Amino acid sequence: MSLLARLDRLPLSRPHYYLLLIGGLGYTFDGMDSAVVAFLLPSAQAAWSLDNGQLGLIGSAAPFGFLFGAVAAGLLGDRIGRKKVMMYALAFYVAFSVVAAVAPTYEIFLPARVLAGAGAGAESAIIAPFLSEFVPANRRGWFVGALAGFFSFGFVAAALLGRFVVPTMPEGWRVAQLITALPIVMLLWWRRSLPESPRFLVANGRHTEAEGIVADLERRVEAATGRPLPPVAEAATGPATVTPKVNLLSALKFLWSPAMARRTAIIWLIWFVVTFSYYGFFSWIPTLLVQRGITVTKSFEFSIIIYLAQVPGYFSAAWLSERLDRKNTIALYLAGSALSAFWLSRMDDPVMITLAGAVLSFFLNGTYAGVYSYTPEVFPTWIRASGTGLSSAFGRIGSILAPTIIGLSAASLGFAGVFGLTTAVLVLGVVCVVVFGLSTAGRSLEDLTEGGEPAATAKDMVK
């Protein structure tokens, strides 16, 4: 009886939701850290007399670190396990968030933000592939989409910090950073009880450990549901028998092999398009509102409305992912993002900017819910974390470029030009997803990745 078939036939119940909560809280604090930088920029500018170029570097600092953290997490996650990487990444993030909060100068603050971003990036890149390996195929889209939805709670919390902490006390922008770091310490304790992914263990020949984890999960699911477990399906394909040790060169060679190149190209493009648009928008919207004559306090209030729109965006897309397929959901929400960005580019009134921004926020974050579900599905188990990490890292190139490009070009392009550029990037993403995307809904991870040409390519790599 296949361990993975036993895992896939388990109905979603309390043990799965416990995993969702712990992983989701990690994303909440990652989102809070990503978003709070937008509310720190005016205070940092005043404290250190920074110009727009230096502000752009602050906006790009965490995404720059995120890129390297995501790559490292993926490669390490496929070598030493998903759980260990999650734990180390959390500790790294907390340490450098505190350094950034107490930094006396811009020269210390900037690299601390980079290193904090590396920790957040490592954690963010590993959670989705880790949890996707516990979830049955017929609920995986909703589950991982809902997991990504926890980012929205972090953004709302960051907006509340920006409104009620940053402007209301001396050094409020430093206090806000400490607040983003402190709750994560609790997760270090909660995650001590997390199991390693059985799929990772099986792929690495650790069948006894995997058996223990699956058996324990079966007992807890049966106790939670109060019903006998469903029968095990007969046709469950195990992972490739050859699982090469992953390094950066071998991962890139496999991901861009003939069998995988199309999948990799589409995933990387989606990540770049969404992340460029997302960070270009959210890093600068409070500052752009202030520059249009809105007070800092009122700007932050408008930002709270925009961030609240993320919550239904994520969870509506998670719901649709099971019904329209991940590919179609991503295309739909990217199209909505493009229309919203164009609408935003035509607005001058602050209230209308806020309304258009809220709609853009809804669709952009809905796209992320689809992307986080979609990405782990298209890579084999032995390289799933690396594939997800490298995809996320490529997207972070967009998040690095976007704040700086917008900061340097806002004066020449104007408000309309900045979001007109965003519209064009999003339209490119829609076309590519519709034409080249892979349908994944309702298919097991092994059916998607383990039985066909990608597995053969993996074997070729170690000959």
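Start by selecting serine 386, which is buried, with a relative accessible area of 0% (buried means under 20%, using a 1.4 Å probe and protein chains only). This is a predicted model, in which local features need pLDDT of at least 70, side-chain atom pairs count only at pLDDT 80 or more, and totals for chains, interfaces and linings use all residues. Residues are numbered from 1 along each chain as its sequence is written, and side-chain values use heavy atoms, with hydrogens and water left out.

Serine 386 sits in helix 18 (residues 384-436); helices here are DSSP runs of H or I, at least four residues, numbered from the N terminus. Now show aspartate 78: its side chain makes a polar contact with that of serine 386 at 2.6 Å (a pair of N or O atoms within 3.5 Å, one able to donate a hydrogen and the other to accept it). Leaving aside neighbours within four places in sequence, serine 386 also has Gly74, Leu75, Val246 and Ala251 among its contacts (heavy atoms within 4.5 Å).

Next, select helix 7 (residues 172-181). Seven of its 10 residues are buried, so helix 7 is largely enclosed by the rest of the structure. Colour the buried ones: Gly172, Trp173, Arg174, Ala176, Gln177, Thr180 and Ala181. Their cover includes helix 2 (14-48), helix 4 (82-102), helix 5 (106-132), helix 6 and helix 8 (184-190).

Finish on helix 6 (residues 140-164) with helix 17 (residues 350-377), whose crossing is right-handed (the near helix is turned clockwise from the far one by less than a right angle). Among the residues making this contact are Phe151 of helix 6 and Tyr368 of helix 17.

Conventions: Helices (H or I, at least four residues) and strands (E, at least two) are DSSP runs, numbered from the N terminus. Buried means under 20% relative accessible area, exposed over 50%, partly exposed in between (1.4 Å probe, protein chains only).
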